[in-house]
Amino acid sequence: MFDYLIVGAGSAGCVLAARLSEDPGVRVCLVEAGPPDRSVLIHCPAGLALMAQTGHANWAFETVPQPGLNSRRGYQPRGKVLGGSSSINAMIYARGHRADYDHWAAQGNPGWAFDDVLPLFKRAEHNERGGDAFHGSSGPLNVMDLRSPNRFGPIFVQAGVQAGYAENRDFNGPQQEGVGLYQVTHKAGERFSAAKAYLTPSLARPNLEVITGARTTRILMEGRRAVGVEVRIGNETRRLDARREVLLSAGALQSPQLLMLSGIGPGAHLQSHGIGTVHDLPGVGRHLHDHVDVVQVVNAPHLTDLFGLSLTGAWNAVKGIVEWRRHRRGMLTTNFAEAGGFIKSDPSEALPDLQLHFVIGKLIDHGRKTVFGHGYSCHVCLLRPLSRGKVELASADPTAAPLIDPNFLAERDDMERMVRGFKLMRHLLQQPALAGHRGTELPASAGAQTDAQIEQFIRERADTIYHPVGTCRMGPGPHDVVDAQLRVHGVQSLRVVDASIMPRIVGGNTNAPTIMIAEKAADMIKAAARG
């Protein structure tokens with residue numbers, strides 16, 4: 001028997017486990033399907049490239065065929081390890097725009113406006129630049145500038161300035177718009193995941209139990225009250241009981257799956273799989289959306305200080321391994337997406353609606369495809385897509401992957417913004433700072449010159465940039481799943497705490513906002529316990 005059962009040791013789950021177990025009078029259990037985060041590929045920042053190749057620590061889901069992507073199946077990587085996706089991501093620290101959170105509040109979610117959540121971002125953060133009105137300096141999550149940046153990050157920024165964008169040294173400061181170098185969740189040359197920031201320092205607490213290799217199969221209900229979870233560990237099925245609350249932090253793809261497996265969701269869909277309806281909640285699994293993204297790749301075989309497969313690249317990698325092992329410095333401290341920016345697809349836009357990620361290597365098929373030679377890549381993603389999809393059950397089997405349908409580019413407005421964004425990205429990459437290095441755009445995109453050709457290229461190559469949200473949407477309406485306290489509507493002692501609760505995706509990377517969501521949830525849970 002525990003006071004709190006947390007399902008999923010990703011970014012949100014690690015925060016909840018650490019914050020709730022601060023009270024020695026409560027017992028907390030954190031359940032994770034994946035293994036402990038011991039792999040060197042996790043802790044060495046550049047290890048993410050090999051994790052992409054091997055599928056290490058990754059659920060590696062796929063979407064259903066996407067009409068907007070020429071019926072291709074998209075890739076949906078999700079972390080399956082302590083730290084969740086914060087243990088396999090590109091470690092960019094970005095919060096989104098202040099207007100994103102003001103929009104959440106305006107949708108009937110009091111307490112979620114930017115001025116409400118900024119103190120939580122600051123409480124979570126230890127920024128090595130120091131604290132100020134926008135940044136914390138004493139939180140558990142270490143945020144820093146890259147220790148050994150590649151020379152091409154600043155060159156990209158210079159090209160951006162030449163293209164007419166302002167240089168921005170802090171995307172999380174007073175203004176988001178502009179181009180610059182990203183800050184990262186690193187510490188001393190290593191990845192600093194939510195597990196390292198929050199969970200590892202808490203493991204010695206006698207009131208915190210962490211169970212890895214344990215797949216949660218359903219939430220146990222007594223009427224409409226959550227009383228525990230059922231987990232499968234190897235061939236054994238175990239019951240874990242919750243005295244106070246069950247907290248779902250399994251992510252935007254698996255939190256709705258678990259609700260539906262437990263009889264909470266759209267009644268007709270549950271019945272079609274033979275699952276008895278505990279609570280007909282039609283919004284569960286709906287409103288899935290994500291940052292759709294497309295990449296332009298530039299071949300530059302003579303630029304051997306960029307990442308790439310060649311004899312020189314192999315020698316550089318050997319030297320990098322030695323330097324990282326000895327000093328935690330050098331090329332292996334990269335997060336690859338070292339620079340980028342937030343720009344507008346049209347000057348009339350009130351907010352930046354596009355994000356750029358500049359990668360110091362040739363990135364094709366999420367890094368899963370082996371590409372020889374050296375070069376660089378640039379992503380452009382749409383920050384606030386209008387298209388909405390869904391997550392559904394494939395079957396009543398809890399080990400079956402969910403059916404994931406982001407419905408990419410279903411709305412015409414999304415495609416029009418992406419076409420404009422692609423042209424702006426290409427224009428930036430053609431500026432003298434980069435063009436002087438004599439790289440050549442790969443033929444796949446170089447042949448796309450007209451708007452129609454660019455649209456076709458996007459449909460052939462676009463995919464996620466790994467930010468699914470919205471499937472347990474927060475709000476007061478009949479198609480919302482949780483209230484502003486993150487309590488599941490119509491159910492007692494059950495909350496969802498992860499990116500699935502976002503009413504609308506933020507204009508930026510989603511890891512820092514997910515950590516903030518869990519910080520806020522921990523406060524609300526503690527307040528509820530005090531009565």
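## A pair in helix α4

Y101 and W104 sit 3 residues apart in helix α4 (residues 98-106), so about one helical turn separates them. Helices here are DSSP runs of H or I with at least four residues, strands are E runs of at least two, and both are numbered from the N terminus. Y101 is buried at a relative accessible area of 0%, and W104 is buried with 0% too. Buried means under 20% relative accessible area, exposed means over 50%, and partly exposed is in between (1.4 Å probe, protein chains only).

A word on the model: it's predicted, so local features need pLDDT of at least 70 and side-chain atom pairs count only at pLDDT 80 or more, while totals for chains, interfaces and linings use all residues. Numbering runs from 1 along each chain as its sequence is written, and side-chain values use heavy atoms, with hydrogens and water left out.

## Rings and charges

There are 12 aromatic pairs in the structure. For Y101 and W104, the ring centres are 5.0 Å apart and the planes are at 70°, so this one is edge-to-face. The rule: rings of Phe, Tyr and Trp (its six-membered ring) pair if their centres lie within 6.5 Å, with planes under 30 degrees apart called stacked, over 60 edge-to-face, and the rest tilted. Ring pairs also tie Y101, W104, W112, F114 and F121 into a cluster.

Elsewhere, the charged end of R368 sits over the ring of Y75, at 3.7 Å from the centre. To count, NZ of Lys or CZ of Arg must be within 6 Å of the ring centre and within 35 degrees of the ring normal.

## Where α1 meets α15

Helix α1 (residues 11-20) and helix α15 (residues 511-530) have axes that come within 8 Å and cross at roughly 35°. Those axes are lines fitted to C-alpha atoms over the stretch in contact, with angles from 0 to 180 degrees between N-to-C directions. On the α1 side, the contact (heavy atoms within 4.5 Å) includes V15, L16 and R19, and on the α15 side I515, A518 and E519 are among the residues involved.

## Two positive phi values

M91 isn't a glycine, yet its phi is positive at about 65°. It lies in the loop between β4 (75-76) and α4, and M91 is buried at 1% relative accessibility.

N407, also a residue other than glycine, has a positive phi near 55°. Its loop runs between β23 (403-405) and α11 (412-429), and N407 is partly exposed at 25% relative accessibility.
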